[in-house]
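Please read the following note beside the sequence and the three-dimensional view. The points are numbered and take up one topic each.

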Amino acid sequence: MKTKSVKVGRNDPCPCGSGLKYKKCCLGKNGKETIDLEDVYAEKYGIRLKNLQDIEGIRRAGRLVLDTLDLVETKIKPGMTTDEINTLVHEFTIKKGATPAPLNYRGFPKSVCVSVNEVVCHGIPGGRKLNDGDIVNVDITSILNGYFADANKTFLLGTSGPEARKIVNVTKECLKRGISMVKPGNTIGDIGWAIQDFAEGKGCSVVREFVGHGVGFEFHESPQVPHFGQKGQGIQLIPGMVFTVEPMINLGNKELRILEDNWTAVTKDGSLSAQFEQTVLVTNNGYESLTPYDL
């Protein structure tokens, strides 16, 4: 990851993404013609860049997350309860020497989030039985050797109706388009713009309250990664950044409400909601998904 000692002209845009010329921004802080982006991003945004060792650690955690999602995909079926999915994820994660990050995180009582139909995110596994035609999001975060990786998929169960197929396919394409914007020099706003433009073009809406986030050393780190926005706005992407892109897309309106358990978010109009997520690294030339699956 080439992030240190970058030579920048005095009149060039500052690499920190402020929009100011370098001489009016970070040059004034150090009086040098080189800039240490690792220090700048840590001080200005609270972003901790990952080195090669860190990236390999997150990649290994990511492989476990994908193995867990693959296991769920082979077992999930109508008649199964969401708590049975939790047991499956929990036992497999522990067996592999890892820890399920959601368990007891800020009081969350289970090892995985399972969100069905109108549930946008943070569904708490329990006695709810899955039905033929449901869409089910399974969101897995594992901690392996101190590193976190995060990914989710929305599964179509049994015989799916046209609305279910539409929201799942639109959301999957939103993730694909959002990730495609990840490369050095682009901004976080470019990611959100690509997602919002496609979703709204298909008559769907983008959830505003929940966003992507930095990940790797902790469950949630800086920066936040909204799934809506404007081109060229927000923090400039640089090599070594690791974050999730995880659009939550509703078939109806974007508004949601939180249930009495203080976790489960559902669409206010009762419409279907889907989500897909991967953990993404900004490389020197573009991006690498650390939790890759076909989109």
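1. Is Lys-24 buried or exposed? Lys-24 is exposed, with a relative accessible area of 64%; here buried means under 20% relative accessible area, exposed over 50%, and partly exposed in between, with a 1.4 Å probe and protein chains only. Lys-24 is found in the loop between strand E1 (6–7) and helix H1 (27–30). From Lys-24 to Phe-228 the separation is 204 residues in sequence and 30 Å in space, C-alpha to C-alpha.

2. On the basis of the note: this is a predicted model, in which local features need pLDDT of at least 70 and side-chain atom pairs count only at pLDDT 80 or more, while totals for chains, interfaces and linings use all residues. Residues are numbered from 1 along each chain as its sequence is written, and side-chain values use heavy atoms, with hydrogens and water left out. Helices (H or I, at least four residues) and strands (E, at least two) are DSSP runs, numbered from the N terminus.

3. Side chains of opposite charge can pair when their charged atoms come close. With a salt bridge taken as a side-chain nitrogen of Lys or Arg within 4 Å of a carboxyl oxygen of Asp or Glu, the count comes to twelve salt bridges. One of them joins Lys-50 and Glu-221 at 2.7 Å, N to O. Lys-50 lies in the loop between helix H2 (37–45) and H3, and Glu-221 in strand E10 (residues 221–225), so the pair ties together parts that are 171 residues apart in sequence. Lys-50 counts as buried at 3% relative accessibility, and Glu-221 is buried too, at 11%.

4. Glu-288 forms a salt bridge with Arg-59, where the closest N and O atoms are 2.9 Å apart. This pair links distant parts of the chain, with Glu-288 in strand E17 (residues 287–289) and Arg-59 in helix H3, 229 residues apart. Glu-288 is partly exposed at 26% relative accessibility, and Arg-59 is partly exposed at 21%.

5. Within helix H5 (residues 162–180), Arg-177 and Glu-173 lie four residues apart, about one turn of the helix. Their side chains meet in a salt bridge (2.9 Å, N to O). Arg-177 has a relative accessible area of 36% and is partly exposed; Glu-173, at 24%, is partly exposed. Elsewhere, salt bridges that share partners join Glu-56, Arg-59, Arg-60, Arg-63 and Glu-288 into one network.

6. In soluble globular proteins, nonpolar side chains tend to be buried together. A nonpolar core is a set of buried Ala, Val, Leu, Ile, Met, Phe, Trp, Tyr and Cys residues joined through side-chain atoms within 4.5 Å. The largest such core has 43 residues, and those with the most contacts inside it are Ile-167, Ile-191, Met-241, Phe-243 and Ile-249. The elements giving two or more residues to this core are H2, H5, helix H6 (188–201), strand E11 (242–245) and strand E16 (278–282). H5 supplies the largest share, seven residues. A second, separate core of 33 residues includes Ala-101, Ile-140, Leu-144 and Phe-219.

7. Leaving aside neighbours within four places in sequence, Ile-167 is in contact (heavy atoms within 4.5 Å) with Ile-135, Cys-204, Ile-249, Asn-250, Leu-251, Leu-272 and Ala-274.
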